[in-house]
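Colleague: I have this one open on my screen. Can you walk me through it?

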Amino acid sequence: MKPLPRLGIFGGGQLGRMLAMAALPLDVRCSFYEPAAAAPAAVLGPCLGDARHSPAGLADFLASADVFTYEFENIDVALVEAIAAHKPVYPGIVSLQKAQHRLAEKSLFGELGIPTPAWRPVHSREDLEQAAGALGLPMVVKTATMGYDGKGQFVLRHSDELDACWDALGGQGSLIAESFVAFRRELSIIAVRAHDGQTVIYPLSENRHQQGILSISRVPAAAVTAATLEQAQTYIRRLLDHLQHVGALTLELFDTEQGLLANEMAPRVHNSGHWSIEGAECSQFENHVRAVLGLPLGSTACPRPTAMLNIIGRHPDRDKVLAVTGAHLHLYGKTARPGRKLGHITVSADDPQTLEGKVAQLQALL
Ligand code: AMP
């Protein structure tokens with residue numbers, strides 16, 4: 001048997017950790033470009049590189065693996081290009097660039113006929129005022145880059161908040177203004193594309209957020225019509241094929257009276273797919289590893305209704321969580337801090353009603 005390539009991962013957070021955990025049974029060794037020695041992934045392989053991105057650190061990382069990927073999209077593209085000049089990096093740099101910039105991302109959605117909330121680019125106080133006039137209020141103003149978990153956002157409800165909004169975000173580069181969507185719920189879809197274009201798609205996940213951070217995902221999302229599922233699958237396929245993407249891609253969607261609207265994409269495994277470790281026949285992490293290494297993809301089937309609850313800010317009583325029948329506890333090895341994702345819990349059941357009982361039990365512990 002041909003030895004498998006070694007996998008280098010940009011980032012050593014919990015996503016890197018779970019990618020490496022999925023790679024291990026396949027006997028694939030991982031290394032990480034990660035300056036924090038105590039990063040969640042450090043228990044699974046060497047963390048290389050340093051915070052100053054020295055050429056020596058990058059050279060060590062380059063030498064440590066044969067194929068490369070990333071666990072987050074806010075990496076300096078120049079670093080990825082420096083690796084890509086010598087060895088393969090998947091998903092490609094175009095996927096990364098589009099996902100790093102909300103204006104590029106929303107333009108791409110438009111080019112591919114993927115509906116979004118109405119939006120305007122904002123580069124000045126005057127643009128902001130014009131956007132408010134064109135889109136109406138309320139509108140959501142976001143930094144074009146580096147935003148996550150609702151950071152770098154301002155919901156502008158009244159025109160007398162224009163100055164406050166500009167004061168908060170005006171100094172942070174390009175902005176995007178979007179009309180405020182009164183969605184019914186938030187959904188996400190994750191798909192994984194192989195080198196030959198073969199694509200597998202996970203069921204739609206229904207996601208609830210608290211203070212901008214994902215708190216619970218339920219899969220498969222309830223009461224999804226065949227038309228809605230078809231829309232979501234069509235949109236993610238268009239993106240994957242256009243980007244010639246290899247690996248996992250996540251598309252976050254708003255479910256509205258008028259159909260699905262795309263919010264944003266992530267060129268990677270995603271928090272709303274953590275349920276798949278126990279809930280799917282092959283997890284998002286394993287399928288991502290398989291895709292980037294050119295291995296056959298696994299089934300995305302979700303045999304039983306499954307929920308994933310994030311552990312945020314504070315660790316729950318471990319023994320009480322483990323006492324809930326069927327609960328799977330995942331801790332990321334992080335110290336507690338308000339708003340920090342410390343772990344998650346997955347639970348499945350034979351029917352949605354039993355599942356909700358277990359969810360309620362677990363929620364009481366969080
Ligand atoms: P984002 O960083 O774009 O994923 O936004 C974080 C959260 O803000 C989303 O999960 C939504 O709950 C909310 N949000 C973002 N954009 C809009 C919008 N245009 N209308 C209403 N809510 C939004």
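Modeller: Let's begin with the ligand. Strand 6 (139–143), strand 8 (175–179), strand 13 (247–256) and strand 14 (259–266) each give at least two residues to the shell around the ligand. Strands here are DSSP runs of E with at least two residues, helices are runs of H or I with at least four, and both are numbered from the N terminus. This is a predicted model, where local features need pLDDT of at least 70, side-chain atom pairs count only at pLDDT 80 or more, and totals for chains, interfaces and linings use all residues. Residues are numbered from 1 along each chain as its sequence is written, and side-chain values use heavy atoms, with hydrogens and water left out.

Colleague: How many residues surround the ligand, and which are the closest?

Modeller: There are 15, and K142, Q153, V181, E186 and E264 are the closest. A residue is near a molecule if one of its heavy atoms lies within 4 Å of it.

Colleague: Which domains does the shell draw on?

Modeller: Domain 2 (118–179) and domain 3 (185–365) each provide at least three residues. The domain bounds come from an automatic or database assignment.

Colleague: How do the shell residues divide?

Modeller: Into 5 nonpolar, 4 polar and 6 charged. Ala, Val, Leu, Ile, Met, Phe, Trp, Tyr, Cys and Pro count as nonpolar, Asp, Glu, Lys and Arg as charged, and the others, Gly among them, as polar.

Colleague: What lies 2.8 Å from an oxygen atom of the ligand?

Modeller: A polar side-chain atom of E264. For R102, a polar side-chain atom is 3.0 Å from a ligand oxygen. For E252, that distance is 3.5 Å.

Colleague: How much of the ligand does the protein bury?

Modeller: The protein buries 90% of the 480 Å² that the ligand exposes when taken alone. Areas come from the Shrake-Rupley method with a 1.4 Å probe.

Colleague: New topic. How much space lies in the second largest pocket?

Modeller: About 310 Å³. Of its 13 lining residues, Q210, S215, N310, I312 and L366 are the closest to the centre. On a 1 Å grid over the protein atoms alone, a pocket is an open set of points with protein on both sides within 12 Å along at least five of seven lines, and lining residues have an atom within 4 Å of a point. The volume is the space filled by probe spheres set on the points.

Colleague: Which strand gives the largest share of that lining?

Modeller: Strand 15, with 4 residues.

Colleague: Where is P91?

Modeller: In the loop between helix 3 (77–84) and helix 4 (93–100). A cis peptide bond joins Y90 to P91, with omega about -5°.

Note on methods. A polar contact is a pair of N or O atoms within 3.5 Å; within protein, one must be able to donate a hydrogen and the other to accept it, and residues adjacent in sequence count only if both atoms are side-chain atoms. On a 1 Å grid over the protein atoms alone, a cavity is a set of points where a 1.4 Å probe fits but cannot get out, and a pocket is an open set with protein on both sides within 12 Å along at least five of seven lines; lining residues have an atom within 4 Å of a point.
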